[in-house]
Amino acid sequence: MEQPKGVDWTVIILTCQYKDSVQVFQRELELRQKREQIPPRTLLLAVEDPETRVGSGGATLNALLVAAEHLSARAGFTVVTSDVLHSAWILILHMGRDFPFDDCGRAFTCLPVENPQAPVEAVVCNLDCLLDIMSHRLGPGSPPGVWVCSTDMLLSVPPNPGISWDGFRGARVIALPGSTVYAQNHGVYLTDSQGFVLDIYYQGTEAEIQRCARPDGRVPLVSGVAFFSVETAEHLLATHVSPPLDACTYMGLDSGARPVQLSLFFDILLCMARNVNREDFLEGRPPEMGQGGADVAGYLQGARAKLWRELRDQPLTMAYVPDGSYSYMTNSASEFLRSLTFPGAPRAHIVHSQVEELQLLGAGSSVVSCLLEGPVQLGPGSVLQHCHLRGPIQIGAGCFVSGLDMAQSEALHGLELHDLVLRGHHVRLHGTPSRAFTLVGRLDSWERQRTGTYLNMSWSEFFQKTGIQDWDLWDPDTPPAERCLLSARLFPVLHPSRALGPRDMLWMLDPLENGGEALRKARHVLEARQDLSLRPLIQAAVHEGCPGPLLATLDQVAADAGDPGVAARALACVADVLGCMAEGQGGLRSGPAANPEWMRPFSYLECGDLAGGVEALAQERDKWLSRPALLVRAARHYEGAGQILIRQAVMSAQHFVSTEPVELPAPGQWVVAECPARVDFSGGWSDTPPLAYELGGAVLGLAVRVDGRRPIGARARRILEPELWLALGPQQDQMAMKIVCRSLDDLQDYCQPHAPGALLKVAFICAGIVDVRSKLSLSEQLLRTFGGGFELHTWSELPHGSGLGTSSILAGAALAALQRAAGRAVGTEALIHAVLHLEQLLTTGGGWQDQVGGLIPGIKVGRSRAQLPLKVEVEEITVPEGFVQKLNDHLLLVYTGKTRLARNLLQDVLRSWYARLPAVVQNAHSLVRQTEKCAEAFRQGSLPLLGQCLTSYWEQKKLMAPGCEPLAVRRMMDILAPHVHGQSLAGAGGGGFLYLLTKEPQQKAALEAVLAKTEGLGNYSVHLVEVDTQGLSLQLLKSETST
């Protein structure tokens, strides 16, 4: 039979949810007109729904208004008139809601169909099939009016469906047959013998569905197609000016009307069904609307009342097409695959594709718009669309793969996919085109909550296998009932330094093979406190594009840790992951870590809420992943978070701080504390937290005078004014900076090391003289306890960054002077631990070797055990008689003229220790062992052995902190090497003082001459040095006036 002549449509309207889609869909309609699928004179309109959820009824009314408006303008009218409908054939196509298997919705889902008679060869979308059905099968013979067709279903209609239009008036629905089982989740029509619709049931009861059954046992399904005669369309159009139905149109919304949601079938058409009474109709609500409050129900009732008045007298009939078929395109991947494949077919169905090895395509599978090179195997019941793949690739049964090209093809090598939906998406991020990828299981439900699945496994199983946590996918305040696949943050859209690919999703398929075993290993290494490096695992995870599970595992370890050392190491590993993700870009790893955005997670940690702090850190971290510079800054803040935990661990040293009350000095009476500097001979870095309490530290140090002077000191006295007078200078009688603190606000920067007088301010806090958190003012606190304030001076004759322990020794001197001025005596052992406490409050960190070296006289070894609370024990080393003088004759200091940047060196060392780099771990153990060898060399009084200790010690320092040896210093050491037993930079290195053990005694002048002959050494100077046998000295002077 010859195909009927197609409908010469006056207007075709495609409605869509989003305004961003309007232009794209408009072009798609125009393209089909150029292909001669649509008559050349047809007016094409893509129309945005006035509101996202106006429902199919609201979208129909708005589209009808837009059509009438355009036709009125075309006819020369200046206002909308329904007269233009009398000679118009209008087709309204509704795009409907989003579809998980096609970014452009169900209408543009490609089908395994070819149209050999089409004038232009092109892939066939569902929209093309529906246009053909409406134009050549359902539409022909109909009078002028308005056809409405959903695009969320697959329809099959015979060439001549046998629909009669004789004597037709009102509205007509098209019904297609379906089983009673299918009808249980769908809508069905109940009609009388003449075809008038009596009722429309949605998910009706078994009895209601049986009443609708035809003689063959099938039922007429609501198929998404309806026709309105001109008369009925005029009645419907008339409602657009009446509240609340005016809110269904763009005119109403532009006028400020409140949106209303209407269903085409269960609001507009239902009111015409003969068995429906007014009361039931007004009380009901359409299934697509869901639940709502009383105000929503009342608003809908007003809309339904208006529809009842306008449309109740219009007849509604049904045209049943027994040879047709209907299938709603659900969000079920299984049903979607069944609709695109050919069960029982002997071979694959190939459309608009080129396949090199056809024999590898499974029976009943389909391939649409693909280029398959080499061995690409496709299992039965699977679908490939819009792909360019190069084998070897194995895609098993039950898969839908779409949107992959050669760039992503390699990610599939070596994998066998089963029951999966893998799709590539074209997206735009701030106007820039990009690609994203999604991966779900065939059995997953997009809507199912609580008991839902992902990748065909339960959420609990997924979390366990991948290490991902629920807080990675949903915000903490997301109710459990709303935590489903549709709302999960599973699919990345941006990587800071490379294009995304399928690997960013595929690792989750086999987490055991793709890192699950490694994640368990990482957890065990951290929790068992093993000295194994996680750096290779971190680099592998980042290189493979799947750092997420590792970050989740590290978060969990940190949150669950009962040991601050374990938690701090886990946070340091997170910082390493972020740094690795930056791929060498974004700046130096070491840097500031006090951005206000990170203060909330830091506050949790400060308060001891480890789990809350880790969760807050992870939430903040997600905002800093977009580019390398942000990743590096985030890494710094994770190291800052680790420092908080280190600080809390070191604070345990307070257990060993105690004071004894003594006579309170009179106001104006100075207490003067003087100290030597220190030189470290072995073991430095092992005293630095966390090494001091994780590895256990041992450092051999000497208290030394420089050029015969004790270069570090402090003095304190009480004053009558309830204030704090602070002064700093290079010498006791030369104060370069003076600060007066009159309120607690003046002390608030005590924790900022570079703030003027910060060390002095924190000394008052650490000594318990001032409480910055007290409700009492500064003056009230001072007057109540001491009857006045204090004056504190500190000085150091050594240059900044000398490496001789200045700041820690200065802190000890300040604390000793202050405590004595406040009427308290503090022992040297207590003072060593008090300085640890002070430096944590100051946030400089640091170990204990400086104060041990400068506060305790002579030659000694300080030790701390691998445990908390952190306790330092000191052993004085006994040397042969006369050896101290011999040592003095052979020991020299050379100031290199280079300023040491110890802060960055410290951060680098801690980073390497937490990463447990094998060389660093081995070196740290060697430092401790070397200290005992060095102590034995002192006991023997052997200068050559001590020289060997110094030489190896410097090599250990360089291994611990690469970059601590400037080129100018290396040159100077090479020049001096023939004249010394051994040499090393003091402290952390990087500059400051170089100390030498000369082969001959009293070599100051000789070495000055050697250095003078070498050009380009800078502002160096050579200094005498001798072992100090006094250590910290404390002296009370007579009263004098304030200076």
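Predicted model: local features only at pLDDT ≥ 70, side-chain atom pairs only at ≥ 80, totals over all residues.
Two strands count as paired if DSSP finds at least two bridges between them.

Ser402 stands opposite Arg423, a residue of β22.

A pair of helices was examined next. Helix α21 spans residues 610-621, and helix α22 spans residues 628-650. Their axes lie 12 Å apart, and the helices pack at an angle of about 170 degrees. Angles over 145 degrees count as roughly antiparallel, so α21 is roughly antiparallel to α22. On the α21 side, the contact is made by Leu610, Leu617, Ala618 and Arg621. On the α22 side, Tyr638, Ala641 and Leu645 take part. The residues of this contact divide into 6 nonpolar, no polar and 1 charged.

Helix α22 also holds Ile644. The relative accessibility of Ile644 is 4%. Buried means under 20%, so Ile644 counts as buried. Leaving aside residues up to four places away in sequence, Ile644 touches Phe602, Leu605 and Glu606. Ile644 and Ala568 are 76 residues apart in sequence. In space, the C-alpha atoms of Ile644 and Ala568 are 8.4 Å apart.

The nonpolar interior was considered last. In soluble globular proteins, nonpolar side chains tend to be buried together. In this model, the largest nonpolar core has 177 residues. Those with the most contacts inside this core are Phe681, Leu702, Leu724, Ile769, Phe790 and Phe938. With residues up to four places away in sequence not counted, Phe681 touches Leu700, Gly701, Leu702, Leu891, Cys934, Phe938, Leu946, Leu950, Tyr953 and Tyr995. A second core is separate and has 59 residues. Its members include Val47, Leu65, Ala88 and Leu236.

How values were computed
Residues numbered from 1 in each chain as written. Heavy atoms only, no water. Axes fitted to C-alpha atoms, helices over the stretch in contact; angles between N-to-C directions. Helix = DSSP H or I, 4+ residues; strand = E, 2+ residues; numbered from the N terminus. Parallel < 35°, antiparallel > 145°, perpendicular 65-115°, else oblique. Contact = heavy atoms within 4.5 Å. Nonpolar A, V, L, I, M, F, W, Y, C, P; charged D, E, K, R; others polar. Core = buried A, V, L, I, M, F, W, Y, C linked by side-chain atoms within 4.5 Å. Buried < 20%, exposed > 50% of the residue type's maximum accessible area, 1.4 Å probe, protein only.
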